[in-house]
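Subject: Structure handover

Hi,

Here is the structure for you to look over. My notes follow below it.

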Amino acid sequence: MDDLDTPVLDDHLHLDPVNGRNTEAVEEFADHGGTHLLVLNKPSWGLGVEVDDADDFREVFDLTAEAVEDATAVLDGRAWPVLGVHPALISQLLDRGYDPEEARDLMQAGLDVAAEYVADGPALAIKSGRPHYDVEDAVWEASNDVMKHAFELGGEVGCAVQLHTEGGEDFTEVAEWAEDRGLPRERVVKHYSGGRMEGPVPSVLADKDELEVAVERAEPFMMETDFIDDPDRPGAVLGPKTVPRRVRWLLEAGHDEAIRNAHVETPARVYGIDTEATLE
Ligand SMILES: [Zn+2]
């Protein structure tokens with residue numbers, strides 16, 4: 001096993017206990033020096049769950065919580081679930097005959113359940129956002145309402161919110177929506193981010209060029225693969241060993257401070273987790 005002598009956190013990865021590599025992917029991460037994972041539930045449809053009421057999300061969340069327990073068993077550190085509702089669900093619901101308001105209500109109710117898993121259970125944070133593709137105005141508005149609801153819940157239960165959104169580098173307005181609802185911008189994470197980001201904290205896709213930008217910028221950031229654990233799309237995303245490999249690459253270039261930023265300090269600020277104390 002590679003020991004990088006530091007906690008190594010992948011801030012956003014999926015595990016699929018039904019069809020994916022699941023714990024085997026975690027072993028690959030650990031073998032390369034990875035120690036901590038934030039495991040995002042796959043979209044409900046990705047797990048074959050058709051949602052029609054809030055309780056239907058429990059099946060999705062429980063599968064993810066189970067995968068996290070198995071992951072923790074093979075890590076020197078540990079894994080935590082990040083649970084929520086994928087923003088693209090709105091399009092699936094519209095296709096199934098929902099109107100935007102009905103879809104919004106169901107998605108917000110799903111987030112209520114996710115917040116319950118944070119308040120009483122195993123989850124660390126909530127995931128929300130808005131479509132990364134063009135949608136009609138009514139759908140955009142409903143999606144923003146869903147995201148604002150996630151901020152409200154984050155403020156209430158005191159947890160971070162990870163966002164899946166369109167691309168871009170300026171999400172100041174979104175960070176302000178969060179702050180208006182009691183959630184500091186330091187606890188809003190833009191998943192699948194480039195190295196530059198205004199507003200939320202960037203969770204930078206582990207691409208060398210983008211990481212160099214983030215390192216140079218020297219602001220709080222984290223690293224992720226967005227590994228989707230989908231056997232039908234093996235090359236579609238970065239593999240589970242990518243974050244540990246990039247950590248090694250940055251350490252070899254002398255960027256110890258940036259590694260401490262991304263794997264110890266920023267996770268502590270954003271999520272309140274201690275990646276050093278939770279390391280065996
Ligand atoms: Zn993802």
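Predicted model: local features only at pLDDT ≥ 70, side-chain atom pairs only at ≥ 80, totals over all residues.

The crossing of helix 8 and helix 9 is left-handed.

Which residues make the contact? From helix 8 they are Val243, Val247, Leu250 and Leu251. Helix 9 supplies Asp256, Ile259 and His263. By class, that contact of helix 8 with helix 9 has 5 nonpolar residues, 1 polar and 1 charged.

Now the metal site. The zinc ion has three protein ligands listed: His12 through NE2, His14 through NE2, and Asp226 through OD. Distances are 2.1 to 2.2 Å. The donor spacing in sequence reads H-x1-H-x211-D.

Histidine 12 sits in strand 1 (residues 9–14). Aspartate 226 is in the loop between strand 8 (222–224) and helix 8 (242–252). The pair therefore ties together parts that are 214 residues apart in sequence.

Are these two residues buried or exposed? Histidine 12 has 0% relative accessibility, so it counts as buried. Aspartate 226 is buried too, at a relative accessible area of 11%. The cut-off for buried is under 20%.

Best wishes

Conventions. Residues numbered from 1 in each chain as written. Heavy atoms only, no water. Donors = N, O, S within 2.8 Å, 3.2 Å for Na, K, Ca; no water. Helix = DSSP H or I, 4+ residues; strand = E, 2+ residues; numbered from the N terminus. Buried < 20%, exposed > 50% of the residue type's maximum accessible area, 1.4 Å probe, protein only. Left-handed = near helix turned anticlockwise from the far one by under 90°. Contact = heavy atoms within 4.5 Å. Nonpolar A, V, L, I, M, F, W, Y, C, P; charged D, E, K, R; others polar.
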